[in-house]
Structures are given as structure tokens and as C-alpha cells.
Amino acid sequence: MASKSSSSAPKKGKAAGADSSNTATGFTPERFERELKDLADKAKSDTFSNRLLEQLNIYIRILLLLAFLGIYSYVSQLNLSPVYGSIPSSIWHAKLVMGGCFLGWAANTFLRDSLPINPVKALPIVAVCIPGLQHYLGTFSQTFGPQWGPVVTEVFTLLPLAIFTSASVADYWEGARLSMLPNFVSDAGPGIGSWALFKLFESQAAVYLPQIIGKLRVLTRLGFELILAFAYMAFSPSKYLVYTAFPFFHTFLLNTHLQSPAATQSLISSMMTDGWLFIERRESVTGYISVVQSIQQGFRVMRCDHSLLGGEWIDHRGGPVSEPIYGVFAMLEAVRLAEAATPVADQDAKALVIGLGVGTTPSALVSHGINTTVVEMDPVVYEFATKYFDLKENNPPVLQDAVSYTAELAKTAPATYDYIVHDVFTGGAEPVDLFTLEFLQGLHALLKPDGAIAINYAGDLALPAPKIIYRTIKQVFPTCRIFREMPPDAESIKTKGMDFTNMVIFCKKSASSPLTFRRPTTKDFLQSSARQEFLDLRNEIPEPSMLIGEEEGILTKNDTEKLAKWHEKSALGHWSLMRTAIPAKVWERW
């Protein structure tokens with residue numbers, strides 16, 4: 001007993017020591033039981049449906065982030081277009097986005113570990129800051145120029161958004177269960193699939209956003225950026241959202257691009273200080289449309305993005321028609337002066353005008369008594385031309401796409417018009433569909449046998465594009481003559497290698513006789529000094545100079561890429577030309 005008792009003493013001592021040690025480390029029977037219960041609950045909750053919901057949540061978040069970036073990528077270009085034009089804004093855009101996505105994907109671990117804030121938490125802050133940065137950097141557009149201005153702007157705006165989005169998407173993919181897939185699919189699939197989804201969302205934004213832009217005050221370029229900023233905030237709420245307060249304050253109160261009453265009033269005041277009257281602005285299917293007036297020089301213009309659709313001298317109002325600021329619009333009226341075997345009186349003639357602008361040419365044709373129909377794609381352009389440029393009409397406008405409208409009309413009403421005026425907005429590059437062989441063939445069908453067509457074309461004659469266009473026109477209309485608005489600028493051609501000009505190409509359907517014009521009379525001038533100067537059609541371009549380079553071929557609707565490579569240089573030249581017509585501050589303030 002004694003020995004038993006003595007032998008059991010150490011055991012009691014050991015147990016006591018163990019209890020003391022376990023208690024000290026926090027390991028108790030109660031905790032052990034609780035942990036077992038937690039493991040059991042976890043195992044019970046790790047069902048197929050819960051795993052499915054978890055994976056579904058990951059994929060939804062990936063899709064949303066890629067959708068946000070795809071839409072923002074398109075909207076970013078829209079916001080740069082009024083300052084730089086659509087083509088200059090697109091030159092480096094795709095490369096910057098691709099580079100940002102690659103950097104974010106490759107460095108997602110580094111960004112997650114090195115930044116004081118997780119990339120997905122930083123996205124709302126970046127998105128909210130973009131409108132203010134675009135507004136500020138736009139004021140340096142004259143310094144940066146059309147080629148580097150969009151690059152500098154998007155390096156500080158869209159590029160960080162692409163980097164953080166790609167890094168966040170890469171993080172989410174790490175939580176996706178791809179082990180059941182082949183190795184090459186699980187390794188490369190997420191990256192390739194994410195890029196494909198981003199491009200899909202970007203392309204769909206380009207299709208659908210133009211259809212709704214301008215329908216409501218919030219559905220504007222800047223409005224879409226604000227909607228996306230709120231979407232990022234809802235997607236990734238955090239305490240860091242407090243840092244978005246000031247960017248929001250700036251956008252809503254100080255950003256004149258916001259189409260709110262307060263921002264518009266601020267814009268009016270600032271432009272008045274510089275001698276400009278801001279009249280109205282709207283966003284529509286063809287771009288950002290606004291009407292401004294120079295108080296000192298006395299002219300009013302309508303713009304679409306970074307191009308002028310036309311203008312008139314306000315101080316010369318009071319006559320039968322307005323006085324245009326550009327002679328090329330008066331030159332188009334010379335289509336009436338083309339001599340025909342059987343002359344037609346104005347009151348018996350019918351004219352089709354494709355492209356309205358401020359309505360200079362159709363108003364003159366109507367004033368001469370010609371039955372005139374205008375085809376204009378943008379309803380806001382028509383509204384502003386009616387409200388602010390004294391548009392004259394004798395037929396309701398056709399507010400449709402000219403390609404589909406004329407194609408259908410050519411089938412149902414061929415040989416209808418004595419005169420056709422082709423005067424479409426270019427913005428430094430050809431609206432390709434309206435210069436293709438097929439479109440011109442439709443116009444040929446609509447023109448009467450003895451009729452004449454006038455085609456306004458703005459381009460750099462030092463490039464092949466105008467020659468491609470002219471050769472295409474000649475395929476349809478065999479007899480043509482070309483007149484430029486102003487004589488060549490020898491100094492610009494020598495120093496810049498550029499000969500950007502407005503020109504009018506007059507043609508007729510018949511090749512049996514040359515194209516001639518009767519001399520204009522006092523009645524033709526409509527009491528307008530611009531028409532007295534430009535209806536006489538000086539500065540003719542020799543046809544052989546427009547037919548060289550035949551290896552470039554002609555333009556058809558299935559082969560338009562031959563013009564795309566010349567668009568960039570032509571658009572950059574057009575940007576510089578627009579900056580000589582209107583000061584940089586006016587373009588930058590929208």
C-alpha cells in the first residue's frame with residue numbers, strides 16, 4: 001500500500017504540472033471541445049452549394065471589374081475628343097490600356113504587398129479623380145499638342161485604373177478553383193480570358209453608349225464617368241472612400257464640363273471674360289455639339305468635338321441669307337451654275353443636301369426657290385442650326401443615316417434630283433462610308449441625267465487619301481472639276497509638308513461634254529460679299545495631279561483600310577488648323 005502510495009505520487013505531480021502548463025497556454029478541455037465543434041461546423045458548411053456560391057461570387061466580381069474598365073476605356077476617349085479630336089485621342093489609347101493591364105497582371109503580388117492600400121480598394125479613388133485630372137490636364141493641350149496630349153492625360157488617368165483593375169482581377173483569379181482544368185488552361189486561361197472579356201465590354205460600349213448619350217442630362221461623357229465612379233464605390237466600399245470627397249466636390253462645383261446649371265453659369269462667366277459668348281451645348285450621336293460666338297470679331301460657330309461645322313458673321317445679318325465665315329460653303333452653291341443641255345429654272349429644280357452643318361448651303365438653295373431636302377444624322381445639329389443660324393427650309397429634314405436612306409431612295413425614286421450637295425463633317429478624316437464607291441453609285445442613281453453634284457472635301461493634298469477619294473468619284477462621275485477654297489500655302493508646304501485645304505469637287509453624269517459654269521449674276525449673290533468672292537470658282541486644281549498614285553486604287557465598302565493609315569496625319573493637321581480658327585481656351589473649356 002505504502003509502496004503503491006509512494007509510486008502514485010509522481011503521477012499526481014505530473015498531472016498537476018501538465019494541467020498548469022495547458023492552462024497557461026490557454027488549452028483547456030472546453031477550448032478543445034469548442035474547436036472540434038468549429039471544425040465540424042466548417043466541414044458541414046463546406047457543401048457543394050456554398051462552394052458554388054463562393055466561386056460564382058469570384059467570377060461575378062471579375063466580370064464587373066472588366067466591364068467597368070471596358071466602359072471607362074471608351075468613355076475616356078469620348079472625354080478627350082472635344083480637346084484633341086477622336087482620331088488623335090485613339091492613336092496611343094489601345095497601347096496604353098494594354099500596357100496597363102499587363103503591368104497590373106504581372107505585378108499584382110508586388111502591388112498587394114507594397115501599397116498601403118489594396119488595389120481593389122484604390123479603384124474608387126482613382127475613378128473619382130479622373131474627371132478632375134482630365135479637366136486640369138486639358139488646359140495644357142496647346143503645350144502638349146494633339147499627339148502627346150492624349151498620352152499624357154491617360155497616363156495619369158486611365159493607365160492607373162487599368163493597372164489596379166488588372167491586379168485586382170488577378171487576385172480574384174487566385175481564389176478560383178481551376179485545378180480540374182489542364183495546366184496550360186489554368187495557367188494561361190485567366191489572363192487570355194480576362195483580356196477577351198475586357199475587349200468585348202469595350203466594343204459593346206462603343207456600340208450602345210452613342211445610342212443613349214445625351215438622352216438625359218446625366219447621360220453625358222462626364223456623367224458616365226460619375227456613374228462609373230459610384231459603381232466602383234459600391235463594388236469596393238471601405239474607409240478610404242473619405243478621400244473621394246474633394247474630387248467629387250471639384251467635379252460637381254468647379255468642373256465646367258459638367259452640364260449642370262452651376263457649371264454652365266461658371267463657363268458662361270469665364271468665357272465672357274475672354275470675349276466669347278457661350279450659347280448652348282449638348283451631347284449627341286455624332287459628338288459634343290456647342291455654339292459659341294466671338295464678341296469682338298462678331299461671328300458665331302457650331303462645333304462638333306474638335307471641329308467646326310460652320311459659322312456666320314452675326315454683324316452681317318439682315319440680308320436674304322447669312323454671311324458664312326468659310327467660303328467653301330458659298331462655293332457649294334455653284335452647283336446651280338453648272339451648265340446643262342436643258343437648263344432648269346430654280347422653281348422647278350429639286351436638290352438633295354447630305355450633311356447640314358449650320359445650314360449655309362441649303363438656306364441659299366431654298367432662298368433661290370429650289371425644292372431642297374436635307375439629310376442630317378444628328379438631330380441636335382438640326383436643332384441648333386434652326387435656333388441659332390437662321391436655317392431656311394421648304395421640306396422637313398430627314399434625320400437619318402445618309403447611307404441607308406439614300407440606298408433605299410435610289411431604289412424607289414431614281415433620277416429625282418437636279419442638284420446633289422455632299423457636305424459631310426470630316427473632323428480631319430473621311431467619314432469612310434460616305435465616300436465609298438457604293439455610296440456614290442447611289443447618289444449617281446438619284447441624280448437626273450443632266451444634273452450636277454458638288455462634293456465638299458477637307459483633307460491634306462500632300463497625302464494619298466484625297467487622291468483615292470477623287471479616283472473613286474471619277475469611277476462613278478466621269479466628268480469632274482476640282483476647286484480649292486484658298487490658294488496653296490507654299491510656306492506651309494515647304495516647312496510642314498502639309499497642304500490641308502477645303503475643296504469642292506463638281507461632277508456631272510455625262511461624259512459627252514465638258515463641265516462648264518455660267519457666270520454668276522447679282523441675283524446669285526443674294527446680297528452676300530462671300531458669294532461675290534467665292535461663287536466665281538477660282539483656284540482650280542489640275543485633274544492630273546489628283547490622278548497620280550493609281551496603285552492605291554479606289555475606295556469600296558469592303559476595302560476601307562487603305563485610308564485608315566493616313567487618318568492620323570490628316571487629323572493632326574486638321575487639329576492645328578482648328579486651333580488657328582478658334583483659340584485654345586475655347587476648345588479646352590468645351
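Ala, Val, Leu, Ile, Met, Phe, Trp, Tyr, Cys and Pro count here as nonpolar, Asp, Glu, Lys and Arg as charged, and the others, Gly among them, as polar. The model I present is predicted, so that local features need pLDDT of at least 70 and side-chain atom pairs count only at pLDDT 80 or more, while totals for chains, interfaces and linings use all residues. Residues are numbered from 1 along each chain as its sequence is written, and side-chain values use heavy atoms, with hydrogens and water left out.

Let me turn to the cavities. A cavity is a set of points, on a 1 Å grid over the protein atoms alone, where a 1.4 Å probe fits but cannot get out; lining residues have an atom within 4 Å of a point. Grid points are joined across faces, edges and corners, and a volume is the space filled by probe spheres set on the points. Searching the whole structure gives 4 cavities of 30 Å³ or more.

The largest cavity has a volume of about 80 Å³. Among its 14 lining residues, Thr372, Val374, Lys392, Glu393 and Asn395 lie nearest the centre. Strand 6 contributes the most to this lining, 3 residues; strands (E, at least two residues) and helices (H or I, at least four) are DSSP runs numbered from the N terminus. By class, the lining comprises 8 nonpolar, 4 polar and 2 charged residues.

Which element, then, provides the largest share of the lining of the second largest cavity? Helix 15 does, with 3 residues. This second largest cavity has a volume of about 40 Å³, and its lining includes Leu309, Phe329 and Asp423. The lining divides into 5 nonpolar, 4 polar and 1 charged.

Definitions and conventions
1 Å grid on protein atoms, 1.4 Å probe; cavity = no way out; pocket = protein on both sides within 12 Å on 5 of 7 lines; lining within 4 Å.
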